[in-house]
Amino acid sequence: MDLRQIRYFIQVAESGSYNAAAARLRISQSSLSRRVSDLEAELGIRLLDRDAHGAQATAAGQEFLHRTKPLINELEIVREEFMADSDLPSGEVTVGTSPNFSRVMLGDVTEAVYADYPKLKLKFELGAQYALYEGIDAARIDLAVMNSPISLQNCIAEPLIEEPLKLVWAKGMMQSPVASLPASGNLPVSALKGLPLVTFPRPTGLRTTLDRATIAAGFNITIRYEIADVPAQLDFVQRGLCYAILSTSAIRHNRGDRELCAVPIEGLRFVGTLVMRAEKQKSAAVNAVANAIRDVLNSLAENRTEEIPLPDGS
C-alpha cells in the first residue's frame, strides 16, 4: 500500500468531503478521488460511501481509519524529525514532457516531489521530441518523458510504461469504424484510411509512429486538424468534428459532456520513456525527481483503468 493513499483516505474520511480534503491537501479533487479508488481496489473493499452530500466511511472504512491513523501520525513524526536533521535535495529541476503525458503525469509527480522534498523547485517544459532532446543536450532540461525516443549516444533512455494507441470518437456523432472488429479486438491500421483526424503536428513522437504505420500500410492519413494539445483534441472529438488517435493515459479522466468510444489500433504502441543525459554523476535533486517519475508511471501501469468504454456498435 502507498502511504500517501492512506493519508489521503484519512483526510476524506475525517472531513466527510472530497472538496474539503483536496483543498487541505492542496491537490485536485480528481487526483484525490483516483488515489482513494486505487487504495480501495488494492484492498478489495469499499472504504467510503459517496453521495451528493459528501463521503462517509463505511464500517470497514471506520475500522481501517481507526487502525491506520495512529500509524500514519507516528510515521509523520518520525519523518519530520529525520527531515529536520537531514540535508534534503534542493534547487531547481526542469522536467520536459510530451503533451500526451502532461495532463496525467505532472500533477502526480509534483505532489510526490513536494511531499518528500519541499526544498525542490520544479519547472516544466512541454514540447515535441526534437525540442526535448535539444533542451537535454543544451542542459536546459534535466530529464524528460517522451514517446519511443530515438537512440542518442549522449542520452540514457529508460522505458517505463507501454500502452496501446487508440482511435477515439464521440458516440452518436461520428460514424463508428468498428462494425466488424477482428477477434483480437484491435482495429487494423487500414481502417484509419479516409477518417478525418485531429493529431499532433510533425515531428512529435506519436505523429511519427502514426505516419510510419500508415505509409507501411500503403496510404496517407487524412489530417483535418493539427493541435499539439490533448484537451483541445478531445474537445474537437466531443464536438463531432473528427477522430483522434491518443494513448490510454492521454484519454483517462475525460471530462467532456459526450460519451466517447475508444478502440486499440493493431500494432500501434506508445512507450513512455524517461530520458536523461548519460552523465555518470547526477545531482540528488535530479535523482529525486527521476524516482518520483518512475513511481508515478509505474503506478499508472499497475492501476490502469479503462475509463472510455469499448464501442457497442454506436
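User: How many aromatic pairs does the structure hold?

Analyst: This is a predicted model, in which local features need pLDDT of at least 70, side-chain atom pairs count only at pLDDT 80 or more, and totals for chains, interfaces and linings use all residues. Residues are numbered from 1 along each chain as its sequence is written, and side-chain values use heavy atoms, with hydrogens and water left out. Rings of Phe, Tyr and Trp (its six-membered ring) pair if their centres lie within 6.5 Å; planes under 30 degrees apart are stacked, over 60 edge-to-face, and the rest tilted. The number of aromatic pairs in the structure is three.

User: How many residues apart in sequence are the parts that Trp169 and Tyr243 tie together?

Analyst: The pair of Trp169 and Tyr243 is tilted, with 6.4 Å centre to centre and 55° between the planes. Helices (H or I, at least four residues) and strands (E, at least two) are DSSP runs, numbered from the N terminus. Trp169 lies in strand 6 (residues 155–170) and Tyr243 in strand 9 (residues 243–247), so the parts tied together are apart in sequence by 74 residues.

User: Are Trp169 and Tyr243 buried or exposed?

Analyst: Buried means under 20% relative accessible area, exposed over 50%, and partly exposed in between (1.4 Å probe, protein chains only). By that rule, Trp169 and Tyr243 are both buried.

User: Which helix holds Phe236, the partner of Tyr225?

Analyst: Tyr225 and Phe236 form an edge-to-face pair, 5.0 Å centre to centre with 85° between the planes. Tyr225 is partly exposed at 27% relative accessible area, and Phe236 is partly exposed at 22%. Tyr225 sits in strand 8 (residues 222–226), and Phe236 sits in helix 8.

User: How many of the five residues of strand 5 are buried?

Analyst: Leu143, Val145 and Asn147 point one way from strand 5, while Ala144 and Met146 point the other way. Strand 5 (residues 143–147) is largely enclosed by the rest of the structure, so the buried count is five of the five.

User: Which residue of strand 10 stands opposite Met146?

Analyst: Strand 5 runs parallel to strand 3 (residues 91–97), joined by three bridges. With strand 10 (residues 260–277), strand 5 pairs in the antiparallel sense over five bridges. Asn147 stands opposite Gly272, and Met146 stands opposite Thr273.

User: Within what arc do the buried residues of helix 6 fall?

Analyst: The buried residues of helix 6 are Gln129, Leu132, Tyr133, Gly135 and Ile136. They line one face of the helix, because their directions from the helix axis to the C-beta atoms fall within an arc of 160°.

Definitions and conventions: Pairing = 2+ DSSP bridges.
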